Amino acid sequence: MSEDIAIRVRGLKTQFGRQVVHENLDLDVRRGEILGVVGPSGCGKSVLLREIVGLQTPTAGEITFPYFEAEHREPRLGVMFQDGALFSNLTVLENVEAPLREHTQISAKLRSEIAALKLSMAGLGADAHHKKPAQISGGMRKRAAVARALALDPELLFLDEPTAGLDPIAAENFDRMTQNLAHSLGLTVFLVTHDLDTLHAICDRVAVLYGGKVAALGTIEEIAAGAKGWVKDYFSGPRGRAAGRAAGG
Amino acid sequence: MAAAATFAFREEEPAPVLALRGDWTVDTIAGLEADLHAVARQLKPGAVVDVSELGRFDVAGAYLVDRTFRESPAGGETRVAIRGKHENALNLLGAARKAASAPAEKPHGPRGIAGFFDTVGRMMAALGEEIIETVGLLGETLVIFVNMLANPRRIRWVSIVHVMEVAGLNALPIVVILSFFLGMVVAYLGARILSDFGASVFTVDLVAFSVLREFAVLVTAILLAGRSGSAFTAEIGAMKMRQEIDAMRVIGINPMDALVVPRVIAMLVMTPILTFAAMMTGLCGGIIVSWGALGISPAMFIGRMAEVVPEQHFWVGMSKAPAFAVAVAVIACKQGLSVGDDVASLGNRVTSSVVQAIFMVILMDALFALWFLEMDW
């Protein structure tokens with residue numbers, strides 16, 4: 001059913017000079033799922049994310065949002081960049097307020113209350129509200145970045161390497177938070193990651209990008225079962241096996 | 001298209017009903033606050049939210065509904081009960097209640113007269129620290145420079161030559177053009193004022209004195225502060241932010257050797273050369289105006305200059321160039337090394353670099369003027 005597809009990518013081609021990053025890439029993201037996107041470094045995961053959110057124009061192919069087009073509206077997007085990309089001259093609370101200030105007519109009081117709510121949903125307490133991004137830890141910056149991405153209640157949430165650089169406990173908490181938010185808010189999440197634990201723990205489906213295409217797509221068990229070549233190395237290396245064991249119990 | 005958010009409040013038995021209609025999203029709820037505030041006072045324990053006619057709903061909408069209930073006389077203890085079917089209303093109301101958190105009070109320092117003194121005190125302390133650190137860096141640079149002379153293998157020729165090209169040679173066009181215009185302006189001034197006294201030939205003296213002693217070296221130093229000093233600060237500051245300087249230290253490269261000293265040496269070499277070029281084009285500007293406006297031919301101009309302007313004025317001007325060069329380069333590098341982790345500090349430091357360098361150049365020029373006057377040079 002095309003109505004249940006949140007993001008549809010067809011025949012995507014991306015080329016930088018002579019270097020072809022994507023060639024005839026097709027991908028469907030279902031509404032309400034958490035899709036993990038993996039692949040070797042330099043395979044164009046982040047480029048794909050940038051193209052879907054509209055920061056970059058693909059060389060050829062099309063990217064559509066069928067579910068939202070059926071309702072004749074554009075989906076709201078929220079993006080969390082790798083190191084947060086918080087505005088460094090604003091406080092954490094002001095960072096989350098910024099999209100609200102720009103796009104709504106909500107009163108200042110309600111705006112700061114909604115921002116505080118989003119920060120609390122992302123797991124940040126009131127003590128961080130008036131700190132500058134440079135004054136808080138990397139893990140807190142990522143949470144603040146998620147809160148900013150959620151500020152306008154997006155339907156599609158894009159996360160670029162959300163757990164990179166976090167310690168295992170913080171990464172696990174972050175994963176759980178992502179999952180809770182996705183379920184309670186009904187988000188569709190497009191998650192670029194290298195973290196095998198994240199794939200096992202929270203992703204409904206996983207897409208493997210390899211050689212410019214989606215080399216495999218399915219639940220992590222399906223992919224691991226039918227894995228060949230690079231995909232096999234990825235999931236059955238020591239890290240892949242450990243993550244699988246941890247998730248299996 | 002989004003349907004406008006409205007609501008109806010009905011007194012029913014056993015409890016009042018708040019019926020939500022239309023889309024309650026972050027785009028549509030802006031006008032509802034005041035009306036909901038009025039309703040909050042009438043909500044009794046057990047009040048129900050009717051969501052059967054609710055369209056799209058999001059966290060902001062849920063928060064507003066939940067806040068209304070929390071503001072009611074019954075307070076935040078009552079759970080928000082729902083009537084009717086909606087795909088995510090229950091989830092969102094639950095999430096909003098669970099995460100509700102008031103924004104923290106903005107911290108502020110002392111206010112009023114105490115705040116004024118607080119600010120001034122901090123500024124003075126920062127100024128003192130800044131001076132000590134800059135002088136410290138100057139001393140460190142000198143020590144390393146002397147060490148390098150004793151041990152020439154430590155000198156980084158490639159960096160020095162690179163900076164000489166980028167920060168010095170590439171500044172040549174702008175320096176000579178500006179100095180040329182400045183020479184013209186001085187000659188025009190002389191022509192205007194001195195011809196009233198029938199002493200227009202003294203324009204030559206005016207141009208030669210001012211360009212050789214002051215303007216050439218000043219315009220060069222100020223342009224280098226604005227052009228090359230700011231670039232030094234931005235480069236070193238960006239390296240600091242990206243931890244490249246930490247990486248250098250760990251590898252065992254002294255950032256002073258690799259970044260600061262080459263820049264100071266390059267400026268030390270290039271500033272006198274640029275100053276010389278500025279002197280020559282400044283005089284050219286003066287010659288052209290004197291020729292056009294006063295009929296003093298270039299040969300006559302140069303002849304008179306040789307006659308009445310002693311060579312020492314040239315050396316007075318040139319002697320200031322190395323001092324200005326060191327001041328600009330050291331201030332720029334110091335500010336670059338003081339950049340913190342955030343973008344705002346980079347902007348502040350580049351501003352400080354240019355402001356302090358130009359301030360220092362003019363202050364030093366005034367001191368030089370005083371000294372040369374006393375020495376009767």
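Visitor: What counts as contact here, and how many residues does the contact take from chain A and from chain B?
Guide: Contact means heavy atoms within 4.5 Å. The model is predicted. By that cut-off, the contact takes 30 residues from chain B and 33 from chain A.

Visitor: How much area do chain A and chain B bury between them?
Guide: Carbon and sulfur atoms carry 59% of the buried area. The total for chain A and chain B is about 2,500 Å².

Visitor: Which residues in chain A lose the most area to chain B?
Guide: Three residues lead on this side. Together they make up 21% of what the chain A side buries. They are A:Leu110, A:Leu117 and A:His130.

Visitor: Which helix of chain A gives the most to the side that touches chain B?
Guide: Across the interface, twelve residue pairs are in polar contact. On the chain A side, helix 3 (92–103), helix 4 (108–121) and helix 6 (168–185) each supply at least two residues. The one that gives the most, with ten residues, is helix 4.

Visitor: How do the residues on the side of chain A that touches chain B divide into nonpolar, polar and charged?
Guide: Two of the classes hold twelve residues each, nonpolar and polar. The charged residues number nine.

Visitor: How many salt bridges are there between chain A and chain B?
Guide: One example pairs the side chains of A:Glu94 and B:Lys106, at 3.4 Å from N to O. The count between the two chains is four.

Visitor: How many salt bridges does the whole structure hold over all chains?
Guide: Some of them lie within chain B, including B:Asp50 with B:Arg10, whose closest N and O atoms are 3.8 Å apart. The search over all chains finds 32.

Visitor: Where do B:Asp50 and B:Arg10 lie in chain B, and how many residues apart are they?
Guide: B:Asp50 counts as buried at 8% relative accessibility, because buried means under 20%. B:Arg10 is partly exposed, at 29%. B:Asp50 is in strand 3 (residues 48–50) and B:Arg10 in strand 1 (residues 6–10), and the distance in the chain is 40 residues.

Visitor: Are B:Glu130 and B:Lys334 buried or exposed?
Guide: The cut-off for buried is under 20% relative accessible area. Both B:Glu130 and B:Lys334 are buried.

Visitor: Which residues do salt bridges that share partners join into one network?
Guide: The network draws on chain A and chain B. Its members are A:Lys109, A:Glu113, B:Glu33, B:Arg67 and B:Glu71.

Visitor: How many disulfides does the structure hold?
Guide: A disulfide is a covalent bond between the sulfur atoms of two cysteines. Chain B has cysteines, among them B:Cys333, buried at 0% relative accessibility, and B:Cys284, partly exposed at 37%. The number of disulfides over all chains is zero.

How values were computed
Residues are numbered from 1 along each chain as its sequence is written. Chains are lettered from A and ligands numbered from 1 in the order in which they are written. This is a predicted model: local features need pLDDT of at least 70, side-chain atom pairs count only at pLDDT 80 or more; totals for chains, interfaces and linings use all residues. Side-chain values use heavy atoms; hydrogens and water are left out. A disulfide is a pair of cysteine sulfur atoms within 2.5 Å. Buried means under 20% relative accessible area, exposed over 50%, partly exposed in between (1.4 Å probe, protein chains only). Buried area is the accessible area (1.4 Å probe) that two parts lose on being put together, summed over both. A polar contact is a pair of N or O atoms within 3.5 Å; within protein, one must be able to donate a hydrogen and the other to accept it, and residues adjacent in sequence count only if both atoms are side-chain atoms. Helices (H or I, at least four residues) and strands (E, at least two) are DSSP runs, numbered from the N terminus. Ala, Val, Leu, Ile, Met, Phe, Trp, Tyr, Cys and Pro count as nonpolar, Asp, Glu, Lys and Arg as charged, and the others, Gly among them, as polar.
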